[in-house]
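Please look through the sequence and the three-dimensional structure shown here before reading on.

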Amino acid sequence: MTLYIVPTPIGNLLDITYRAVDVLNNVDLILAEDTRTSKKLLNKYSIKTRVESFHSYNEHSKLESIIKKLKSGNTIALISDAGTPSISDPGFLLIRESISRGINVYCLPGPTALIPALVQSGFSSDRFIFEGFLPHKKGRKSRLENLSEEKRTIIIYESPYRIIKTLNQLLVIFGNDRKISIVRELTKKFENQFRGSIKESINYYNKNLPKGEFVIVISPPAKKT
Ligand code: SAM
C-alpha cells in the first residue's frame, strides 16, 4: 500500500538514481504521463514493470481505480515525462487523495528543472519562489505585478512560444534593473544559458530564435544603500 513518486531525467537519461531504477523495477505498476516517452527510459534500464497511462486528461477518472489498487496492497510508482511528478506535471491529485486515504506516499529525491536553473543562475538561493508556468491570459498581468514586489529570487517555467512575450512583459512591469538568467535545454545537447539584463535577453532571443525548454530566473532587487 505504497505510492512512490519517482523523478526521471529532464533530458540526459543518465540522470537517474540507482534507487529510482530499483523502485521502478520492484513496484507492481508504473503510472506514466506518456507511456511511449517513458518506454525509452524504461528500456534503457531494462525495466519490465507493467506501465499504465496517467496524465492530466485521465487523472480524475483513474483516481478511484488507482486508490483501489493501492488499498488492496499494490505498490505503485508515478513518473512523468521529465523531472519530478507534481511539479508543473500531474501527480498532486493522486498524492493528496492517497494521503487522505491512509496510503504511504514517498517522493524520491531526483531530477527537476527548477533547482539546477536556480543554482547555476548565481542569484541568491537562500530564499526563492517557484512560480511554475504563468497563467496564459487571465490573471497573467496581475501575477507579474505582484511578483515585481517580490524580494526573493523568482523561478518561472516557460515555453519557447511565449518566452519573448514574457520577457517583454517583464521589462514593462519589472523595469530593467533586475538581472536575469535563462537556461535552455538543461542536460541536453543544445543546453545553453543567457545571463544579463531583461533588455539584453530580449535582444538575444530576437537574434537567436528560442527553441526547446526554458527556465527563467530573476534576481532579487538590488539592496538600496
Ligand atoms: N516536472 C518537471 C520538473 O520537475 O521540472 C517540469 C515539467 S513542465 C511540464 C515542463 C517545463 O519544465 C518546461 O516548459 C521548462 O520550463 C521546464 N523544463 C523541463 N525540462 C527542462 C530542461 N531540460 N531544460 C530547461 N527547462 C526544462
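The explanation begins with the whole chain, then turns to the ligand, the aromatic rings and a few single residues.

This is a predicted model, in which local features need pLDDT of at least 70 and side-chain atom pairs count only at pLDDT 80 or more, while totals for chains, interfaces and linings use all residues. Residues are numbered from 1 along each chain as its sequence is written, and side-chain values use heavy atoms, with hydrogens and water left out.

The protein contains eight helices and ten strands. Helices (H or I, at least four residues) and strands (E, at least two) are DSSP runs, numbered from the N terminus. Along its principal axes, the C-alpha trace spans about 60 × 35 × 30 Å. Of the 225 residues in the protein, 46% are buried. Buried means under 20% relative accessible area, exposed means over 50%, and partly exposed lies in between (1.4 Å probe, protein chains only).

The ligand is surrounded by 18 residues, and the closest are Asp89, Thr112, Tyr157, Leu186 and Phe214. A residue is near a molecule or strand if one of its heavy atoms lies within 4 Å of it. Strand S7 (153-158) and strand S10 (214-218) each supply at least two residues of this shell. By residue type, the shell divides into nine nonpolar, four polar and five charged residues. In this division Ala, Val, Leu, Ile, Met, Phe, Trp, Tyr, Cys and Pro count as nonpolar, Asp, Glu, Lys and Arg as charged, and the others, Gly among them, as polar.

A polar backbone atom of leucine 186 is 2.8 Å from a nitrogen atom of the ligand. For isoleucine 10, the distance from a backbone N or O atom to a nitrogen atom of the ligand is 2.9 Å, and for glutamate 185 the corresponding distance is 3.5 Å. A polar contact is a pair of N or O atoms within 3.5 Å; within protein, one must be able to donate a hydrogen and the other to accept it, and residues adjacent in sequence count only if both atoms are side-chain atoms. Taken alone, the ligand exposes 570 Å², and the protein buries 92% of that. Accessible areas come from the Shrake-Rupley method with a 1.4 Å probe; for residues, only the protein chains shown count as cover.

The aromatic rings come next. A pair of aromatic rings is described by the distance of the centres and the angle of the planes. Rings of Phe, Tyr and Trp (its six-membered ring) pair if their centres lie within 6.5 Å; planes under 30 degrees apart count as stacked, over 60 as edge-to-face and the rest as tilted. The structure holds seven aromatic pairs. One of them joins phenylalanine 130 and tyrosine 157 edge-to-face, at 4.9 Å centre to centre and with 70° between the planes. Phenylalanine 130 belongs to strand S6 (residues 128-133) and tyrosine 157 to strand S7, so this pair ties together parts that are 27 residues apart in sequence. Phenylalanine 130 is partly exposed at 27% relative accessible area, whereas tyrosine 157 is buried at 10%.

A tilted pair is formed by phenylalanine 194 and tyrosine 204, with 5.2 Å centre to centre and 40° between the planes. Because phenylalanine 194 lies in strand S9 (residues 192-197) and tyrosine 204 in helix H8 (residues 198-207), the pair ties together parts that are ten residues apart in sequence. Phenylalanine 194 is buried, with a relative accessible area of 8%, while tyrosine 204 is partly exposed at 25%. Phe194, Tyr204, Tyr205 and Phe214 form one aromatic cluster.

Serine 46 is not a glycine, yet it has a positive phi of about 50°. Serine 46 sits in the loop between helix H2 (35-44) and strand S3 (51-53) and is partly exposed at 45% relative accessibility. Serine 88 also has a positive phi of about 50° although it is not a glycine. Serine 88 is placed in the loop between strand S4 (75-79) and helix H4 (92-100), and its relative accessibility of 32% counts as partly exposed.
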